[in-house]
Amino acid sequence: MATHDYDVRFLFDKQAIPDTNLGAYDPLVKVPDFNSYGMWFGSKSGAVALFPFITEFIARAETGDATIMAGTTPILKQSVAYAPMSTTKFQDMNPLIGAAFGGLFPLIYIVVAFIPYLYFIQKIAAEKESKAREGMKMMGLTDSTYYLAWFIVYFVISVVSSLLATTVLCIFALTHVSPPIFFVFSVMYMMCQYGMGFLVVAFLPTRKGAVVAGVLLFWLSYFICKLVQDPSTSSFTQYALSVFPNVCMNQCVKLIFFYNLNTANGLTLAELGNVYQGYSFRGGIGMLLFDLVLWVSAGLYFDQVVPS
């Protein structure tokens with residue numbers, strides 16, 4: 001049976017097709033061009049709808065049967081589907097805009113947490129240095145009441161700061177992130193500094209020494225984040241170094257910006273367990289909870305056993 005070559009050309013309005021001058025992946029484009037998609041893959045006049053029509057016509061012409069050519073029943077069983085570009089490789093790409101903001105935001109946010117942390121260290125160190133705490137004990141103040149009072153104060157500061165940050169960020173920047181999730185993350189991260197403060201003051205009970213050591217501990221723990229910047233870093237290493245709250249915060253922020261800029265649903269409860277580059281937001285929240293218990297326990301324990 002002789003075969004024939006067919007030259008098929010489609011002419012479409014420029015606005016009705018995707019821009020072929022753009023690459024398959026553009027890190028600066030947040031959402032697909034749904035307008036072009038609708039016209040390109042339309043059910044009646046789009047290119048995908050025309051492909052089955054053309055192949056059906058060619059198949060009938062190749063039979064050489066005029067009856068078949070004039071018939072209305074398709075002789076081919078064919079279906080055309082559209083497969084979205086949602087491969088693992090594509091999902092793991094780190095867009096430039098996400099990387100830029102995601103890399104800068106932890107440094108900005110850490111300053112927000114640093115201010116109450118520094119205030120807290122100064123206050124408890126001053127109480128210890130001036131023997132005011134011993135005076136309160138002589139009047140009947142117990143250690144548990146003292147710790148609880150400062151815990152409540154720091155918790156109120158953390159809640160107010162986190163509420164302001166959540167309100168501003170989720171309205172103007174993190175529009176695809178669930179506000180309650182970000183609020184819980186922010187409060188837990190800031191509360192981890194409560195235990196770190198007592199730990200520092202336990203070994204350096206003077207205000208000047210505690211402030212210097214507290215600043216060094218806080219910022220040096222942030223620079224540990226450099227060890228987990230590589231996307232290929234193992235999950236074990238990422239979670240192990242997350243015992244430092246600043247590292248855990250940095251990893252969670254990376255996920256926050258990834259979900260906010262590159263996913264359709266954003267960061268919701270349904271996405272908490274999804275793993276991106278070896279880390280999940282649920283795992284990060286779990287590590288913050290672990291850090292809270294670890295640092296508070298260590299801080300209060302050494303505050304009791306280290307002589308002042």
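Guide: Look at helix 8 (residues 179–203) and helix 11 (residues 245–262): they pack at an angle of about 170°, and their axes lie 10 Å apart. Axes here are lines fitted to C-alpha atoms, for helices over the stretch in contact, with angles running from 0 to 180 degrees between N-to-C directions. Helix 8 is therefore roughly antiparallel to helix 11 (the word applies to angles over 145 degrees). Helix 8 brings Phe182, Phe185, Tyr189, Cys192, Gln193 and Met196 to the contact. Helix 11 answers with Pro245, Asn246, Met249, Cys252, Val253 and Ile256. Contact means heavy atoms within 4.5 Å.

This is a predicted model: local features need pLDDT of at least 70, side-chain atom pairs count only at pLDDT 80 or more, and totals for chains, interfaces and linings use all residues. Residues are numbered from 1 along each chain as its sequence is written, and side-chain values use heavy atoms, leaving out hydrogens and water.

Step back to the whole chain. It has 12 helices and two strands; these are DSSP runs numbered from the N terminus, helices being H or I with at least four residues and strands E with at least two. Of its 308 residues, 36% count as buried (under 20% relative accessible area; exposed is over 50%, partly exposed in between, with a 1.4 Å probe and protein chains only). Take contacts between residues at least 6 apart in sequence: 72% of them join residues at least 24 apart.

Glu56 gives a local example. Glu56 sits in helix 2 (residues 47–63) and is buried, at 11% relative accessible area. Pro74 is 18 residues away from Glu56 in sequence, but 7.0 Å away in space, C-alpha to C-alpha. Leaving aside residues up to four places away in sequence, Glu56 touches Thr73, Pro74, Ile75, Leu76 and Gln78.

Now the charged side chains. The whole structure holds four salt bridges (a side-chain nitrogen of Lys or Arg within 4 Å of a carboxyl oxygen of Asp or Glu). Lys128, Arg133, Lys137, Asp143 and Asp303 are linked in a network of them. Arg133 is buried, at 6% relative accessibility. Its side chain meets that of Asp303 at 2.7 Å, N to O. That pair links distant parts of the chain: Arg133 is in helix 6, Asp303 in helix 12 (residues 281–305), 170 residues apart. Asp303 is buried too, at 7%. Arg133 also bridges to Asp143, at 3.7 Å. Lys137 reaches Asp143 as well, with closest N and O atoms 3.1 Å apart. Lys137 is partly exposed, at 39% relative accessibility.

Notes. Angles under 35 degrees count as roughly parallel, over 145 as roughly antiparallel, 65 to 115 as roughly perpendicular and the rest as oblique.
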